[in-house]
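Trainee: Could we go through this chain together? I would like to understand what stands behind each label we use.

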Amino acid sequence: MTTPASSPSNTSRAVTELELSLELETGAQSALVRALTLLHRRRCRVVEAHYDRTDHLTVVVQAPARHAHCVQAWLSALVDVAAVTAQPPSPRL
C-alpha cells in the first residue's frame with residue numbers, strides 16, 4: 001500500500017513568521033481569548049505573546065505559508081479588535 005502524496009506526513013510544513021500588534025477595544029474582556037483562539041484554529045503557532053493592561057497585544061506567530069497573507073485580516077475582523085499592524089519580525093536569540 002502506498003501513501004498518497006497529499007498525506008500530512010509527506011507535505012512540507014513551510015511556515016511564515018509574523019509579528020503582529022493588536023489594539024483591542026478598551027474594556028473588551030474576551031478580545032485576548034478571541035485572538036488566541038482564532039490563531040489556534042487557523043493552525044498558527046504562537047511563539048511569543050505580550051499583553052499589557054492598556055489593551056495592547058503583540059504576538060509572534062508561525063503561520064502556514066499558504067495562509068500567512070490572511071492572518072492580519074482574520075484578526076482585524078474579530079469583535080473587539082480595533083486595529084492590527086504587521087511588524088517586521090525582530091531577531092530572537
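Mentor: Gladly. Helices here are DSSP runs of H or I with at least four residues, strands are runs of E with at least two, and both are numbered from the N terminus. Read that way, the chain follows the pattern β-α-β-β-α-β along its sequence. Please keep in mind that this is a predicted model.

Trainee: How many helices and strands does that make?

Mentor: Two helices and four strands. The strands form an open sheet in the order β2-β3-β1-β4, with antiparallel pairing.

Trainee: Why are β2 and β4 said to stand at the edges?

Mentor: β2 (45-52) and β4 (81-87) each have a single partner strand, so one side of each is left without a neighbour in the sheet. Neighbouring strands of the sheet are turned against each other by 20 degrees on average, direction ignored.

Trainee: What makes β1 and β3 a pair?

Mentor: Two strands pair if DSSP finds at least two bridges between them. Strand β1 (residues 15-24) and strand β3 (residues 56-64) are joined by nine bridges and run antiparallel, so they meet that definition. As one example, T16 has A63 in β3 as its bridge partner.

Trainee: Which strands does helix α1 touch?

Mentor: Helix α1 (residues 31-41) packs on the sheet and touches β1, β2 and β3. The direction of α1 makes about 10 degrees with that of β3.

Trainee: Now some single residues. Why is E23 called partly exposed?

Mentor: Buried means under 20% relative accessible area and exposed means over 50%, with partly exposed in between. E23 has a relative accessible area of 34%, so E23 is partly exposed. E23 is found in strand β1.

Trainee: How do you know that E23 and A82 come together from separate parts of the chain?

Mentor: E23 and A82 are 59 residues apart along the chain, yet their C-alpha atoms are separated by 5.4 Å. Leaving aside neighbours within four places in sequence, E23 is in contact with D55, H56, V81, A82 and A83.

Trainee: What makes the link between the side chains of H56 and E23 a polar contact?

Mentor: A polar contact needs a pair of N or O atoms within 3.5 Å, one able to donate a hydrogen and the other to accept it. The side chains of H56 and E23 make such a contact at 2.6 Å, and the side chains of H56 and T58 are joined by another of 3.1 Å. H56 has its place in strand β3.

Trainee: What does the largest nonpolar core look like?

Mentor: The largest nonpolar core holds 21 residues, and L18, L20, L22, L39, V59, V71 and L75 touch the most other members. Two or more residues come from each of β1, α1, β3, α2 (71-76) and β4. Not counting residues up to four places away in sequence, L22 touches several residues, including A35, V59, L75 and V84.

Trainee: How much of the chain counts as buried?

Mentor: Of its 93 residues, 31% count as buried.

Note on methods:
Residues are numbered from 1 along each chain as its sequence is written. This is a predicted model: local features need pLDDT of at least 70, side-chain atom pairs count only at pLDDT 80 or more; totals for chains, interfaces and linings use all residues. Side-chain values use heavy atoms; hydrogens and water are left out. Axes are lines fitted to C-alpha atoms, for helices over the stretch in contact, and angles run from 0 to 180 degrees between N-to-C directions. Contact means heavy atoms within 4.5 Å. A nonpolar core is a set of buried Ala, Val, Leu, Ile, Met, Phe, Trp, Tyr and Cys residues joined through side-chain atoms within 4.5 Å. Buried means under 20% relative accessible area, exposed over 50%, partly exposed in between (1.4 Å probe, protein chains only).
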